[in-house]
Amino acid sequence: MRAGQGVDEHYETRWLIENVWIEGGTGMLAGMPKTGKTWVLVDMAVSIASGQPFLETFKTRQGPVVIYSPEGPHAELNKRIKQVAARRGLDYKALPIYCLKASLLRLDERDCQENIERLVQTLAPAFMIFDPLAECFGGDENRAADIGPMVCWIDHLARETNTAACISHHMAKKDSGSMRGSGALLSFGDNYIFMERKGDRTSMSFLSRHSKSADPVALRLTDRNGNPGYEIDAQGQEELDLKNRILEFLEAQGVPVTQRKIRDACRGKTDRYKSILDELRSEGEIRKVKEKWEYIRDSERDNNSEQTNPGDEAESVGEGKDARD
C-alpha cells in the first residue's frame with residue numbers, strides 16, 4: 001500500500017485521557033513502592049468508566065474498564081473503587097468496571113492471552129489495567145526475549161481492538177529515573193506515567209510518543225468524608241512549575257548564572273528559590289560553580305558524583321504502613 005492510501009488525511013490524535021493516554025494506546029505506569037500507583041490506576045478506571053476527568057483535571061472518553069490487581073484481597077480493590085467513586089458522587093456498582101478475580105494470570109502464556117482476547121470481544125473495554133507486571137508475567141523481566149513477545153501481543157491486541165492497556169511496574173531504584181527490567185518495556189508503549197515521592201510530596205510526569213505530553217503534576221492523598229484518593233496539590237503544583245521553569249532556564253543558558261538572574265527570569269515566591277536550587281542540586285540536575293548555578297548535561301551525569309545527597313540514601317522509601325499503594 002502506498003503512503004496516503006486507505007488513511008484519513010485529516011487524522012488527529014484521539015485521546016482516551018487528554019494529553020495522557022491515547023485511544024487504543026499501550027504503556028506503563030511506573031514508580032517506587034508506596035508512591036500510590038494503585039490509587040492512581042483506580043482513579044483512571046473510575047474516570048474513564050464515568051467519563052469524568054482523570055484526577056478531576058484531564059478530560060476522558062467514557063468507556064468500560066477491565067482491571068486486574070491481585071496484590072491484595074479482591075475486596076480491597078472493590079473498596080478503593082467504591083471510595084474513589086464516592087469522592088465524585090458516583091455509585092461504583094453502576095460503573096462499567098470489571099475486576100478480574102483470576103488467582104493466576106500470565107500475559108506471556110497463550111491460553112491466558114486467548115482468554116483475554118475473548119473477554120475483549122465480549123466487553124469491548126476502552127481500557128485495561130494490569131497491576132503490577134510482577135503478578136501477571138511468568139518470565140524474566142530482564143530478558144528482552146521474554147518480555148518482547150508479551151508486549152508485542154499487547155500492542156497487537158490494542159491496535160486490532162482499539163483497547164488501551166496499562167501495566168504498572170517498579171522503577172529500578174530510587175532516583176534512578178529508569179524502570180526495572182528489559183529496555184523493551186520502555187520502547188513498546190505509546191504512553192508512560194512516572195510517579196515519584198519525596199518525603200510527603202508526590203509528583204507525576206507523562207511521556208507520550210505521539211503528541212505533546214501533559215505537564216508534570218503535584219499530587220496529594222486527601223480524605224473526603226472517609227474516602228481517600230489523589231488530587232492535584234495546588235501549593236505543590238506551584239513549586240513543581242517553578243522547579244521546571246528553573247531547569248528549562250538553566251538548560252537554555254549553557255553557562256553558570258546567578259540566583260538573582262534565575263529569580264528575575266523565572267518568577268515565583270522569592271523565599272523558595274534557595275531551597276529549590278538546593279533540591280535540584282541534591283537530585284543531580286544542577287551544580288553550583290563559584291556562587292552561580294549551572295545545568296548538568298545528560299552526558300555529564302554518569303560521571304558526576306558530587307551531587308549525592310547522604311540524606312536521600314538514608315531515607316527508606318515506603319517505610320511503615322500507609323494507604324498510598
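Biologist: Is Glu251 buried, partly exposed or exposed?

Modeller: Glu251 counts as partly exposed, because its relative accessibility is 37%. Buried means under 20% relative accessible area, exposed means over 50%, and partly exposed lies in between (1.4 Å probe, protein chains only). Please note that this is a predicted model, in which local features need pLDDT of at least 70 and side-chain atom pairs count only at pLDDT 80 or more, while totals for chains, interfaces and linings use all residues. Residues are numbered from 1 along each chain as its sequence is written, and side-chain values use heavy atoms, with hydrogens and water left out.

Biologist: Where is Glu251 found, and what does Glu251 touch?

Modeller: Glu251 is found in helix 6 (residues 234-253). Helices (H or I, at least four residues) and strands (E, at least two) are DSSP runs, numbered from the N terminus. Not counting residues up to four places away in sequence, Glu251 touches Tyr295 and Arg297; contact means heavy atoms within 4.5 Å.

Biologist: What separates the C-alpha atoms of Glu251 and Ile286?

Modeller: They are separated by 9.2 Å, and the two residues are 35 residues apart along the chain.

Biologist: New topic: which residues of helix 2 are buried?

Modeller: The buried residues of helix 2 are Leu77, Arg80, Ile81, Gln83, Val84, Ala85 and Arg87. They pack against helix 1 (37-50), strand 4 (65-68), strand 5 (97-99), strand 10 (217-224) and strand 11 (227-232).

Biologist: What follows helix 2?

Modeller: Gly89 follows helix 2, and the phi of Gly89 is positive, near 75°.

Biologist: And how many bridges join strand 10 to strand 11?

Modeller: Six bridges join these antiparallel strands; two strands pair if DSSP finds at least two bridges between them. Leu219 stands opposite Ile232 in strand 11. The two strands form a hairpin with two residues between them, and Asn225 in the turn has a positive phi of about 55°.

Biologist: In what sense do strand 9 and strand 10 pair?

Modeller: Strand 9 (residues 201-208) pairs with strand 10 in the antiparallel sense, over three bridges. Ser203 stands opposite Ala218 in strand 10.

Biologist: Finally, where is confidence lowest and where is it highest?

Modeller: Confidence is lowest in helix 10 (residues 310-314), at a mean of 33, and highest in strand 6 (residues 127-130), at 98. These are values of pLDDT, the predictor's confidence in each residue, from 0 to 100. The mean pLDDT of the protein is 86, and 86% of its residues reach 70 or more.
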